[in-house]
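Hi,

Here is the structure I promised to pass on. Have a look at it first, and my notes follow below.

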Amino acid sequence: LYQLVRRTHNNKVAVISCFFLGVNFLDVRQAHFSEPYSLISLIVIATTFLSVYYYQSGKPRLLVFASILCGVAIGQRITALPLGLTLFLGLLLRNWPNRSSRSLIKNLFTLVPFIIIGYIVGAPGILLNTKNFLHGLFGQAFLASTTTGFWGYQFTDLPTGKFYTYLVEIAFGLPLTLFIILGIVFVIKRHSRESFILLSFPFFYILELNVVSGQSSAFARYLVPAFPFMALFAAIGVTQFSELFIQRFKPKIVEIFLIILVVFLSVFPLHQIILLDRLWSKKDTRTIAKEWIESNIPNSSKIATQWYGPPLASFTDSEPYSERVYDVTVLDPFTNDPNLYTIGYYVRNHDEYLILSSFIYDLQRVNQSENAMREEFYSSLNQKAQLIAEFKPYSGKIEPPFFFEQMWGPITDLQSFDRPGPTIKIYRISDAIAN
């Protein structure tokens with residue numbers, strides 16, 4: 001990012017861009033997870049840098065390297081396809097109008113083998129297990145295009161555009177988000193060829209997320225590849241805004257104002273990062289629940305548990321740091337089987353305990369009748385079963401609002417939580433109560 005911005009702007013904007021990216025709350029949060037989006041973010045910005053560098057220098061090997069990286073990014077996630085446009089713009093703007101259209105098309109096709117090589121590097125499964133790879137690819141495409149919920153769940157009632165706008169505000173804070181918009185205006189106003197290359201990926205990538213990513217399959221991690229560009233636009237907006245005062249004040253005063261402004265704008269995301277680190281330094285509710293279960297529930301007991309419950313060792317799935325092994329049944333969260341929402345089902349299966357996780361029971365189903373059935377079951381458990389333990393991630397009397405992205409880590413209302421994890425409820429089931 002630093003090298004890219006130095007080439008398109010100057011050292012000051014480059015340093016501020018890197019600083020804003022470094023304090024991006026969601027980017028920091030996402031970097032903790034074993035997912036490809038942080039790597040894709042690096043590859044995207046490297047490809048953009050090489051495309052700009054090629055446009056400025058005309059060295060063909062830069063475009064070859066950019067093509068390989070572009071292929072790797074698309075192999076990691078097909079949603080990185082707009083990166084191909086960045087590559088094409090670098091080639092087009094360097095050679096147009098000096099070369100004929102036929103020559104440009106010929107040069108473009110010479111890059112295809114390198115993109116394919118990169119794609120295989122990024123997605124070796126296409127050769128190692130083609131059938132499974134294509135099945136997974138089409139499955140993800142189906143989920144992305146559906147508007148009827150993610151396997152029956154409605155994660156958010158926000159329209160896709162508003163959802164991603166909300167996430168940008170969470171990542172940077174509202175003041176810095178406004179400077180991102182201001183920076184985009186300045187980039188468009190600049191009207192340079194480098195500006196077209198810089199805008200190409202974030203513009204079409206965000207457009208793709210809003211068009212292709214249905215309301216049911218919009219996630220925070222999808223925004224990560226666009227964050228470096230947002231940090232760049234924010235830095236441009238801040239520096240250009242401060243330069244409006246150069247004619248009225250001395251340059252040194254303007255520089256001091258710029259530093260104060262940058263620090264002020266970073267306070268919100270930095271505060272969120274500190275709160276996140278504080279939470280992640282505490283023991284998760286699922287770990288606490290696991291320790292309690294191993295101290296209070298006999299070995300080999302038959303337990304039914306929802307997803308995102310305590311990591312209990314079972315006969316088929318050993319868990320590290322486990323002192324006891326249980327006969328565990330993990331309930332399928334995506335089924336609409338009504339039997340799961342009757343106490344008799346667990347009695348017939350001879351389950352002795354039922355463990356619920358708020359990350360599952362707080363989710364809403366698209367089908368309202370299924371929703372009502374689930375809620376009735378959960379509310380009736382206190383009468384039909386015995387609640388023997390409950391572990392909450394907060395100490396206040398009011399439960400903080402549930403946002404589905406909490407399933408992958410704290411993200412909103414961080415000050416309201418004492419530790420990470422869902423609320424865990426453990427029920428003892430008995431024939432007498434069930435009948």
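Predicted model: local features only at pLDDT ≥ 70, side-chain atom pairs only at ≥ 80, totals over all residues.

The protein chain has 435 residues, 47% of them buried, and it holds 19 helices and eight strands. Its C-alpha atoms fill a box of roughly 85 × 55 × 40 Å along the principal axes. Of the contacts between residues at least 6 apart in sequence, 78% join residues at least 24 apart. The accessible surface is about 21,700 Å², and 61% of that belongs to carbon and sulfur atoms.

Now the sheet. Six strands make an open, mixed sheet, ordered S3-S4-S2-S5-S8-S7. Its edges are S3 (313–314) and S7 (386–391), each of which pairs on one side only. S3 runs parallel to S4 (residues 325–330), joined to it by two bridges; Ser-314 has Tyr-326 in S4 as its bridge partner. Helix H15 (residues 285–296) packs on this sheet, touching S2, S3, S4, S5, S7 and S8, and its direction makes about 135° with that of S7. Helix H18 (residues 368–384) packs there as well, in contact with S5, S7 and S8, at about 135° to the direction of S5.

Back to charges: the count comes to seven salt bridges. One of them joins Lys-283 and Glu-291 at 3.2 Å, N to O. Lys-283 counts as partly exposed because its relative accessibility is 40%, and Glu-291, at 37%, is partly exposed as well. Another links Arg-365 and Glu-370 at 2.9 Å. Here Arg-365 is buried, with a relative accessible area of 5%, and Glu-370 counts as buried at 15%. Salt bridges with shared partners also tie Lys-302, Asp-327 and Asp-351 into one network.

Arg-29 is buried but has no salt bridge: Glu-405, the nearest side chain of opposite charge, is 4.1 Å away, and the cut-off is 4 Å. Leaving aside residues up to four places away in sequence, Arg-29 touches several others, including Trp-280, Glu-405 and Trp-408.

Cheers

Notes
Residues numbered from 1 in each chain as written. Heavy atoms only, no water. Pairing = 2+ DSSP bridges. Helix = DSSP H or I, 4+ residues; strand = E, 2+ residues; numbered from the N terminus. Contact = heavy atoms within 4.5 Å. Axes fitted to C-alpha atoms, helices over the stretch in contact; angles between N-to-C directions. Buried < 20%, exposed > 50% of the residue type's maximum accessible area, 1.4 Å probe, protein only. Lys, Arg positive; Asp, Glu negative; His and termini not counted. Areas by Shrake-Rupley, 256 points an atom, 1.4 Å probe, with all protein chains shown as cover.
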